[in-house]
Structures are given as structure tokens and as C-alpha cells.
Amino acid sequence: MFSFFKKRLRHSQIRKQAAEASRGPSPKPQTPVDASLAKNLHGIKALFGGSEDFVARPFLIRGERKAAICYVDGLVKSGLIHEAILKPFMIDSRLINDMDPFALASMEDVTAAFLVVGEVRAETDLNQAAEMCLNGDVVLFIDKMAEALVVNAKGWEKRAVTDPQTDAVIRGPREGFTESLRTNTALIRRRIKIPELRMDPITLGVRSRTHLCVTYIENVANPALVEEVKRRLHTIDTDAIINSGYVEEFIEDTPLSLFPTIYYTEKPDVVAGKLLEGRVAVITDGTPFVLTMPFLFMENFQSAEDYTVRPPIAFVLRLIRLLSFFISLVTPAFYIALTKYHQELIPTPLLFTMAAISDGLPFPSAVETAIMLAAFELIKEAGIRLPKPVGQAISIVGALVMGQAATQAGLVSAPVVIIVALTAVTSFTSPTVSDVTTILRWFLLVLATVLGGLGITLGLLTILVYLASIKSFSTDYLAPFAPLQTPDILRDTLYRAPLWSMRTRPASLKPFDAIRQKMSKPNFNDNQRPGRGERRR
């Protein structure tokens, strides 16, 4: 009886915590802006606690009325402050003979008469004004006015738009996202020039106050999907959001899943293409990776370059990626199963050769493979973490010297080195699932060592069932294969159909507007073909 009531009490506590989380973090108490300039300056200085980079610059309007600007040094454009804020108040105002600075009754009059910047808004909360300073804005206080003006003067240092490091292409756009939120939104706006492109702002992190942007196309994306993304974002109540990886882990359906259910990319054209299909993107300030959702399993084997080459070539490239994923996953386990349990499947001449090579080796084939796979993972990790010149040297030394030395020393056999090398090469064709195959490869290796071919079959069946159980924002992870949706399979999965035949958007995404285009196959007959020297319209 006691345990029953204890469980009920615990259940009610969990429900209460979930309800509080769904409401989001509690808002901070407001501190209204006072009509006294001295009180406002004292209050905002107390919030920053004497920080060296916080600047409070008092001045006089026309040499008579007191005012002050507050900003954080390093986050603003100094030239803009001098020319567009201080100069109009302190110098240009003296050129107006009949002006009375004490006649300025509201901030609207100040904005209309003096400020020559584009974005200005009034603020009545002192805490919010301090937060605007941390965002790179300038806050203007004027004596005897119980509100402040927030002037957009952002000007911090940022990285220029360069080639993306993770999504290299031979043919296609070379622009990549940066760490600036506004730069990233502009890169997407350049590709989708319609007012229906929505960019809804969200601020997360109690202490980091990180700005995010939920991006989607109204009347294309499913409204239920948009609301679900926003709901999950609003439930995040944490100290800081440092990069998009934090957001991904907080909102994904299965946080402990090996397979990614949210896609990330550095390419604006990829994000634009996914938005046009009906997906939702989340842009995080301070990181060059943009998240898109939902994310399906077959997207791991698709690339932005597939849509700039001929459809047959895109089909071959996707087939190579899928086969490489399968080879990287099962090759070590398949080698162990053949050499330990199913020698009759190996051709006799090859079997005699492998037996002669393995004669005198101290370890069985399973231990040899495990040692070489572990060495490969160590070399890969060292090559990634070290500086690029040193990392390349480590990779060359590890691949050539260590492998050759291990073979000549009689520690491992040459077939094991070949198997591990093939596994390493094929694992790099699909970077988004490279880490997944590393873990599942060891899983299948253990099963093959214990049960042989039966273990590999059971392992692959377990992985398939697991994939079928995953969802990404209420979308089946194996769609359009499970559940079966034949039109999507024939258009853009393993085979990429011609662009003119993709008349509808993927049905698995449940887009609000399913029609992508109304044109059919281009067909120029003799009357429609442009003549020689005539410009084709």
C-alpha cells in the first residue's frame, strides 16, 4: 500500500514538472525605465557590475538637456555611434535656431528629429534595455523621459562567407553559413525571394540568451510540423545554448538513438531546397550549422551535387554511397564469419593461400581484425584533432608504416589489413553515418565471432527493426520504403528522377501544398524549336 501511494506521488510530481516545462522558463521581473537619467544610469551600471567593456557616455542635447548612451564596446560600430547618434544631438542640433531641447516631449519626436539610423524602437524595461546592449545595440536615455530608445548599431567581428568545410561539391554554389545569424538568414533570403518565407525569432538560454530563428515557408510546410518544432524549442530551459548541437539534442525524438534524426548542413542551397520540400529549419546564432527537420534515413546517401548532374549519374553516385555504407558495416564481420565458420564458401585456391599466410600468427582472425579496427579509429581520431599538416602526416604514417610493419612482424595477416583498409575507405562516403557504422561494425563483429553468418543475419535484422521504429517529428525514419510510398521512391530516393518529373513534394513530409510544379516533360517539336540565331525563350 505504501509503495502504491509513493508511486502515485512520484507520478504527480513528474506531471507537474512536465507542465512547468511546457510553459517554458518564467519571465524575469521588469524594472521600468525611470524619468530620471541618473537613476537609469545607476540601474544599468549595477546590472553590468562595473564591467570594463560596458560604456555609458553622457552628453548634452544642444548643450542644455542631459542624455546618455550605453553600449558594449566591441559589439557596436563606433563610426555609426559618432556620426548617426552623437553628432546629430551635440552638433547638428545647434544649427536649428528656434529649437528648444526641452520641448522634446516623446521619443517619437527624438527619433523623427535627430536619429538617422534605420532600426529604432522604444523600450520601457531596464532589464530588456541591458539585454539589447549585449546584442550589439545602443540604448539612449534622455532626462525626464520614462522610456529608452534602442538603436541598431551591431558591428562585431565576424567570419566572411567562405567555402563550407563539410559539404564540398565539384559543381554547385560554394557559399557556406557563418557564425552570424543575420548573415545566414540573408543567404537563405537570396535563394527564396518570397514574402511567405517566415523567420520567427526565439531566444533560449537563461544566461547565454542565444538567438535562434525558426525558418519555414508558409503554405508549404505543414502547420502541425511548425508548431511541434516551436513547442519543443519553447520547452528548453537551460543555462546556455552554445551551438546547434545543444538544440539538436534537446528537441530530437530519440536522444539516445545511434542514427541522426535531425539533419545539419553548412550550405544555404541545401537548406533552401529542404524548405521548398516542406521542411523546417532552425538557425542558431554563433554556429555555421543549420538544422533541418524531419530527417529521413535515405537522406544520408544524398548530396547537393546530385541535383546538378544527370539523373543516371546521380543514381550511380547514390548507389555507390549506399553500397559503401553496407560494405563498411558488414565487411569485417563477414570476413570473421567466413574464416571461422564458413570456410566452405571460400574458393579452394584462396583458402590455401589464406591458410599459408595465417600460419604462425599469434592471434585468431577475430582478434587481428579487432586490433586493426581499433588502430584505425585511433589514427582517425588523431588525424582529426591535430592541426591539419600534422594530422595528414599521422594518417600517412599510420596507414603505410604501421600496417606494413604489423604485417612483416607477423602480428596480423595481409587479408586483415586489406579488409580494414576497405572498411576505412568506404566509411568516408557517407559522413553523416560514419560514426554510426563505427559502433554497429563492432556490434556485428561480436555477433559474427559468436554465431557466424547467423549472427550477422540477426544483427542486420535487429538494425532494420530498430530503424523502422524510429520517427523524426512524427515522420517514419524509413519513409518512403516503410510505409511504402511508391511515387516518392520513384522520384527522389535511391534514384533521382529528372527535375521536370518532380511535380509533387515528398508525401511523407505531409506538406500543406503538395504541388511543386505544373509543367510536364519539355518537348520541342518542329514548330516550337527555336530557329538558328533566334533566342530561346
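Strands here, like helices, are DSSP runs numbered from the N terminus (E, at least two residues, for strands; H or I, at least four, for helices). Keep in mind that this is a predicted model, where local features need pLDDT of at least 70, side-chain atom pairs count only at pLDDT 80 or more, and totals for chains, interfaces and linings use all residues. Residues are numbered from 1 along each chain as its sequence is written, and side-chain values use heavy atoms, with hydrogens and water left out.

Two strands count as paired if DSSP finds at least two bridges between them. Zoom out and you get an open sheet of five strands, antiparallel in its pairing, with the order 1-2-4-5-3. Its edges are strand 1 (54-61) and strand 3 (120-123), each pairing on one side only. From one strand to the next, the twist averages 25°.

Now for the helices. Helix 3 (residues 78-90) packs on the sheet and touches strand 1, strand 2, strand 4 and strand 5 (148-152), its direction making about 30° with that of strand 1. Contact here is heavy atoms within 4.5 Å, and angles run from 0 to 180 degrees between N-to-C directions of axes fitted to C-alpha atoms, for helices over the stretch in contact. Helix 5 (residues 126-134) lies across strand 2, strand 3, strand 4 and strand 5, running at about 140° to strand 4.

Five of its five residues are buried, so strand 9 is largely enclosed by the rest of the structure; buried means under 20% relative accessible area, with a 1.4 Å probe and protein chains only. V280, V282 and T284 point one way, A281 and I283 the other. Strand 9 runs antiparallel to strand 7 (residues 210-217), with four bridges joining them, and T284 is the partner of L212. Strand 9 also pairs with strand 10 (residues 290-293), again antiparallel, over three bridges, with V280 partnered by M293. Five residues sit between the strands of the strand 9 and strand 10 hairpin, where G286 takes a positive phi near 95°.

Methods
Buried < 20%, exposed > 50% of the residue type's maximum accessible area, 1.4 Å probe, protein only.
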